[in-house]
Amino acid sequence: MSEQILFKVTIDNITIEVPAGTTVLQAARLIGGQVAPPAMCFYSKLEGSGGKCRTCLVEVSKGSEKDPRPMPKLVVSCRTTVMDGMEVKNITSEKVLDARAGVVEFLLLNHPLDCPICDQAGECHLQDLSFDHGKAETRYEFQRRTFKKHDLGKNIQLHMTRCILCYRCVYTADQLTNKRVHGILDRGDHAEIATHIEKSLDNEFIGNVIDVCPVGALTDKTFRFKNRVWFLKPMDAHRDCPTCSGRVTLWNRGDEVYRVTARKDQWGEIEDTPEGQPGWICNTCRFDKKEAADWIIEGPREISRQSVIAQGHYAGQIGTTKPTEIFAAVNDGRTPHLLMDIHDESEVNLPNVHLGKIQGPSNGDTFNTNNTHKA
Amino acid sequence: MGVKLLIDKANVPGIRTYEVYRREGGYRSVEKALKEMNPESIVEEVKKSGLRGRGGAGFPTGMKWSFIAKPEGVPRHLVCNADESEPGTFKDRYLMEFLPHLLLEGLIVSSFALGANDTYIYIRGEYAWITDILEEAINEAKANGWLGKNILGTGFECNIYVHRGAGAYICGEETALIESLEGKRGNPRIKPPFPAIKGVWQRPTVVNNVETLAAIVPIINMGGEEYAKIGIGRSTGTKLISACGNINKPGVYEIDMTISVEEFIYSDEYCGGIKGGKQLKACIPGGSSVPILPANLLLKTATGETRYMNYESLSDGGFATGSMLGSGGFIVLDEDQCIVKNTLTLARFYRHESCGQCSPCREGTGWMEKILHKIEHGHGTLADIDLLWDIQRKIEGNTICPLGDAAAWPVAAAIRHFRDEFEWHINNPDLSQTSNFGLQHYADPIHVPA
């Protein structure tokens, strides 16, 4: 076996040695923390992914030891391999932060920002990204693009309005399953993920597209609106599955299993099994095994991502009882009923007032005067 | 009268057929290349000629050819980029429509130089009738022994296939073209690896413009050094310019890159002046994606020197006061044209043609179009101009392929040079719907009496 060639790379003034062929992003992830650029489309387990979302742009201030010229443009760290002696600026570069703020703005431009009713909220990469790099206000004053929701098979729902076109699900279906039946239709800002003429996705491993989706565009129908992820307690568990590794994370509340996902690492990517294979899980494990008795629980899962799910994570409290519902107790036995089903129609996407017609920042008064007929 | 190397025979009756083309001296370069030269000496000759890619970027062709990887046992490919979709550019169409054999001749020589046996012409879907013309020409060439196995008894095999695109501007980008040729969705690839290393079906590939490949023919016939003597500086040889807009004589002209912009617009040999005796307001000198120039910066550079129709002179002053020769789509705008409307038209085009792969271009092009639409229809605010500027700045250079830049430059240049026209539009929302800003200080320095 030949000796591995190590390249020295300096990212944000921190120098590490990585094997040749490593990408800048992966080198930065080895350093970790703020130095690792955010990535919305890159997924290390999927070949060919990356380069599309442009959030991981970095500045290369020194090409390599041999050729010290800086690269003229910002480069995508997920698809640029390190060179010996390369110097990279991520958060130390104004240019990068400016470009990244621009990319976040572009990504949020047509995003409905319906986090309050979105199942992905709490573990959404776009949420994290906009929290870190986005602005509090939008400069966009036009109608956002909207799509109808589609059921892709009986277990997956596509909410195209939220999609950021990262192509991860397309690569997953391409590389994990024998036959891909969904892809991108159209182009530009009207491009959409679609099955060709409304076929359903029914491959045994297709459920993994839910795990790779960085936003709430592909959601698990067995979990939709059942609970917020930060109220759930993630548990590592496994079962003897004939089709997949059977190593999963259960999301419990009390003894009840609310959903099953693959185990994800701190970058939100599928963890490898001890055999070194990506730990994709099959549809049976994901959608059908919703009883605690189906699983052998290993212990609580450490959530190291900085998102809100880490908040409700009470490590060490295995086997807690289901929390008692207090609504009925405080309301003299009455249970609240829904006044309006907010899940079917979001007013966010159907503004009755054309924001472009309002001079200056719009506020509640403007809205009310323009909508007197509604009162 | 300038030198004409490519289209001088275009008016010969029947030149489209093999017999007439051969009688007029066609396929001499194939004979010379295959019998007297070897691949290395052809590449050397092209390098000496200083020929630069005619598709828009102006990259030296000889250098591009020398980059192609030559691994053992892996076939190489030459792809002719005939997906000419840049608004304002129609030179390749003229070339292919009237001189199909010239392109084939250039392709055979270039394939020989690159060691490519299977060569593809990727033609835009809208050029359906030209596909038929090329197919016809390929059949004629095959019947006369210029294509197929063992050409001229040298053992060199060359097959040319015509592949029709489905009508997407993005497929003119070389890696998107390659994806489309492979039968996939025309999304540009992330570079590196460059096509010279991994192109069509992961094999080393060179993608060249139609005009570039046609220019190989005179280079071989007259020799690279002779070719380099035509033109000026690093802009050697002749260039086809497709002139359109408010001029008296729109059409495809072959120039030797030594004439001035002023001569090109006003001389009767070329555009013949502005139509209706009007005044020149602005010009997009190299196809829709290059920065627009107002008349005062078009005819003279910022330092007061005469601007010539070549790569260097048109880009003199950078993007602040210059533009680019690009693909040679020369669009002239007279005093009656509205820059805001013109910019909106371009922005709409780029929004429609963005592939949607990377976020700045996908979202940014749509955003720019909506803002420009708002300004054009009298609903804009002054803050919108700064917003537009900020959007284009965040798209430029941050995308996978040059479409993002191409979408950003026209908007940037329009705001840079015509900001007061944008402001006038915003400040006079009603007036701007019925009348025009006119010339103001962009007045054409050469006043043509009516």
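Modeller: Helices are DSSP runs of H or I with at least four residues, and strands are DSSP runs of E with at least two, both numbered from the N terminus. The model is predicted: local features need pLDDT of at least 70, side-chain atom pairs count only at pLDDT 80 or more, and totals for chains, interfaces and linings use all residues. Residues are numbered from 1 along each chain as its sequence is written, while chains are lettered from A and ligands numbered from 1 in the order in which they are written.

Biologist: In which loop of chain B is the place of B:P192?

Modeller: A cis peptide bond with omega of about -5° joins B:K191 and B:P192. The bond from B:P192 to B:P193 is cis, with omega near 0°. As for B:P192, its place is the loop between α8 (174-181) and β5 (205-209) of chain B.

Biologist: Does B:M257 count as buried or exposed?

Modeller: Most residues other than glycine have a negative phi. B:M257 is not a glycine, yet has a positive phi of about 65°, and its place is the loop between β9 (251-255) and α11 (261-266) of chain B. A residue is buried with 20 or more other C-beta atoms within 10 Å of its own, exposed with 12 or fewer, and partly exposed in between, the C-beta atoms being placed from the backbone. Because B:M257 has 25 C-beta neighbours inside 10 Å, it counts as buried.

Biologist: And A:D186, is it buried or exposed?

Modeller: A:D186 lies in the loop between β8 (182-185) and β9 (192-195) of chain A. Although not a glycine, A:D186 has a positive phi of about 60°. With 11 C-beta neighbours inside 10 Å, A:D186 counts as exposed.

Biologist: What radius of gyration does chain B have?

Modeller: Chain B comprises 19 helices and 12 strands, and its C-alpha atoms fill a box of roughly 75 × 50 × 35 Å along the principal axes. The radius is taken over C-alpha atoms, and the globule rule is 2.2 Å times the number of residues to the power 0.38. For 450 residues, a compact globule would come near 22 Å, which agrees with the value for chain B, 22 Å.

Biologist: Which helix gives the most to the side of chain B that touches chain A?

Modeller: Two residues are in contact if their C-beta atoms, placed from the backbone, lie within 7 Å. In these terms, 25 residues of chain B are in contact with 26 residues of chain A. On the chain B side, α15 (339-353), α16 (359-376) and α17 (382-395) each supply at least two residues. The most, 10 residues, come from α16(B).

Biologist: Which residues does A:G85 touch, residues up to four places away in sequence not counted?

Modeller: A:G85 lies in the loop between β4 (75-76) and β5 (86-89) of chain A. With 17 other C-beta atoms within 10 Å, A:G85 is partly exposed. A:G85 touches A:K8, A:K62, A:S64 and A:E65.
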